[in-house]
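Please open the model in your viewer and keep the selection tool at hand. The stops below say what to select and what is there.

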Amino acid sequence: MDDYYNEMNALMSQVKPLVSNCEYQTMWVLPALNTDELTEEEKAFYLQLPQTVKTWLSLTNGWCGSRQDIYGLQDIIRVSDEYPNWFKKGWIPIADGGCFNYFVIVPQKDKPEYQWPVVYIDANIEDLTGDTGITCIVSSSATVFYREELKLNIRDIESYNEGMDVDHLYNDSPWWYDINKLMAIDPMITTYNLPLPW
């Protein structure tokens with residue numbers, strides 16, 4: 001987990017100055033949570049966050065990036081409250097895809113928490129029970145998700161600063177929707193019994 005923290009911290013160090021100097025849209029990175037704050041909030045709201053999420057919160061308590069918002073603790077609590085069935089299942093919302101679309105960690109009984117996958121959920125679509133189902137898996141772990149989102153934002157901002165048109169930027173498929181990109185980044189994604197994004 002130390003290697004993961006060091007990698008995320010290095011990427012965050014690249015992102016922060018880019019975000020503060022970006023001209024094409026408003027972005028921000030919130031200050032990190034300390035361990036005591038996180039422990040108190042977990043107890044107060046009966047949360048059990050995996051270490052990957054705690055590591056993220058130790059770097060930033062949420063941020064607004066180039067494509068979606070990556071949640072801080074208050075956002076995780078808010079969305080969990082909005083979708084109580086997710087909370088009952090132990091699902092953990094970690095990012096906003098816009099228009100009631102979410103990225104959610106789905107615990108697996110047969111895997112350690114660092115191998116819990118992140119899925120994409122379109123909350124506009126309900127199943128026969130009135131619950132929201134999983135649209136597709138996007139990464140084999142939150143580690144991969146956080147890392148690739150940081151890299152994507154670095155590329156987006158640098159490309160814009162070099163003169164690329166914003167509309168052209170957004171026409172580029174996200175890393176998790178391109179089969180070649182995803183299989184190169186995250187070959188373990190096919191080992192889960194979850195719908196793939198292609």
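Against which elements do the buried residues of α1 pack? They pack against β1 (28-29), α3, β2 and α6 (142-161), where helices (H or I, at least four residues) and strands (E, at least two) are DSSP runs numbered from the N terminus. This is a predicted model, in which local features need pLDDT of at least 70 and side-chain atom pairs count only at pLDDT 80 or more, while totals for chains, interfaces and linings use all residues. Residues are numbered from 1 along each chain as its sequence is written, and side-chain values use heavy atoms, with hydrogens and water left out.

Select Tyr4, Met8, Leu11, Met12, Val15, Leu18 and Val19, the buried residues of α1; buried means under 20% relative accessible area, exposed over 50%, and partly exposed in between (1.4 Å probe, protein chains only).

Next, select Thr60, in the loop between α3 (51-57) and β2 (63-64). Thr60 counts as buried because its relative accessibility is 0%. Leaving aside neighbours within four places in sequence, Thr60 is in contact (heavy atoms within 4.5 Å) with Met12, Val29, Leu30, Pro31 and Ala32, and Met12 is one of the buried residues of α1.

Finally, select Met183, which lies in helix α8 (residues 179-185) and is partly exposed, with a relative accessible area of 31%.
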